Amino acid sequence: MSEGEQAKPRRRRNRRRRRRVADPADTPARANTGSTAPDAAPGKPRPRRRPDRLRTVHETSAGGLVVTGLDGPREAQRAALIGRLDRRGRMLWSLPKGHIEVGETAEQTAIREVAEETGIHGRVLAALGRIDYWFVTEGRRVHKTVHHYLLRFSGGQLSDADVEVAEVAWVPIPELRSRLAYADERRLADVADELIVTLQSEGPDALPPLPPSTPRRRPQTHSHARSHRPDNRTPGRKNGRGPGP
């Protein structure tokens, strides 16, 4: 071995190389997505976004069954109903009703709504009962309570001037159950039958007393706004089925 070869240091085999530290300038920039959350692991589903909860509101309405011929035989007694078209174009018959406004009691609302939706004026005799149900509209979950009353006819003529009503009709009391579209209101018709029998056999003093009702102090959220018929519709047009009182 020569002297030059002895002076040159011998390299060690299998020497562990030093790890190079990456220069930030050499690292490609990551696209800015506007989110600081780490990337989801491949194959792992991303968490679903929780749907927004519907706001729950409570509404209170009142309505009634106004009957003519209460002093006569059952076959001559008739009740005023309203008809509305559903999405399939079917006519659904029900009792007139509407929201209790500020300053009104439930009985006052029943009288007003019956007059607005049927054109018939009445006087409250007794309570028929209360119905409550739930529905969703305009991003809200609505709990609605409706107070119903039995009313005696005192005047007026059938009219479908209310924009929310398609038809109005005098329906014979014996046909009332078969005409009403909703089971809850058919049960109220049974209560009305019992009250009418009591009224004819024992007089108005035998009817159960009206439940206490205080005027409403605060406005409530309506599920839909009441509007008026356009000008091209004849105001006060009379429309109904069955003979008048």
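Strands β1 (55–68) and β2 (78–85) run antiparallel and are joined by two bridges. Strands are DSSP runs of E with at least two residues, helices are runs of H or I with at least four residues, and both are numbered from the N terminus. Two strands pair if DSSP finds at least two bridges between them. In this pairing, T68 stands opposite R78 in β2. The model is predicted: local features need pLDDT of at least 70, side-chain atom pairs count only at pLDDT 80 or more, and totals for chains, interfaces and linings use all residues. Residues are numbered from 1 along each chain as its sequence is written, and side-chain values use heavy atoms, with hydrogens and water left out.

G83 is bridged to W93 in β3. The two strands β2 and β3 form a hairpin with five residues between them. G89, in the turn, has a positive phi of about 85 degrees. Strand β2 is mostly covered, with six of its eight residues buried. Buried means under 20% relative accessible area, exposed means over 50%, and partly exposed lies in between (1.4 Å probe, protein chains only).

Strand β1 also pairs with β6. The two run parallel and share 13 bridges. T60 has T145 of β6 as its bridge partner. Strand β6 is joined to β5 as well, by 16 bridges in the antiparallel sense. F135 stands opposite V142 in β6. A hairpin is formed by β5 and β6, with two residues between them. E138 lies in its turn and has a positive phi of about 50 degrees.

The overall content is four helices and seven strands. Their order along the sequence is α-β-β-β-β-α-β-β-β-α-α. Of the 245 residues, 35% count as buried. The accessible surface comes to about 17,400 Å², and 48% of this belongs to carbon and sulfur atoms. Areas come from the Shrake-Rupley method with a 1.4 Å probe; for residues, only the protein chains shown count as cover. Contact means heavy atoms within 4.5 Å. Among contacts between residues at least 6 apart in sequence, 74% join residues at least 24 apart.

In soluble globular proteins, nonpolar side chains tend to be buried together. A nonpolar core is a set of buried Ala, Val, Leu, Ile, Met, Phe, Trp, Tyr and Cys residues joined through side-chain atoms within 4.5 Å. The largest such core has 24 residues. L65, V67, L81, L128, L150 and L176 have the most contacts inside it. The elements giving two or more residues to this core are β1, β2, β5 (120–137), β7 and α4 (183–202). Helix α4 supplies the largest share, six residues. L176 touches L65, A79, L81, V171 and A189, not counting residues up to four places away in sequence. A second, separate core has 16 residues, including I120, L151, V165 and V168.

Aromatic rings were examined next. Rings of Phe, Tyr and Trp (its six-membered ring) pair if their centres lie within 6.5 Å; planes under 30 degrees apart count as stacked, over 60 as edge-to-face and the rest as tilted. The count comes to two aromatic pairs. In one, the rings of F153 and W170 have centres 5.9 Å apart and planes at 75 degrees, so the pair is edge-to-face. F153 lies in β6 (residues 140–156) and W170 in β7 (residues 167–172), so the pair ties together parts that are 17 residues apart in sequence. F153 counts as partly exposed, at 23% relative accessibility. W170 is buried at 3%.

Charges also sit over rings. The criterion is NZ of Lys or CZ of Arg within 6 Å of the ring centre and within 35 degrees of the ring normal. R141 lies over the face of W134, at 4.2 Å from the ring centre. R179 lies over the face of W93, at 5.6 Å from the ring centre.

Q220 lies in the segment after α4. Its relative accessible area is 11%, so Q220 is buried. Q220 and V102 are 118 residues apart in sequence but 8.4 Å apart in space, C-alpha to C-alpha. Leaving aside neighbours within four places in sequence, Q220 is in contact with H58, E59, T60, H99 and I100.
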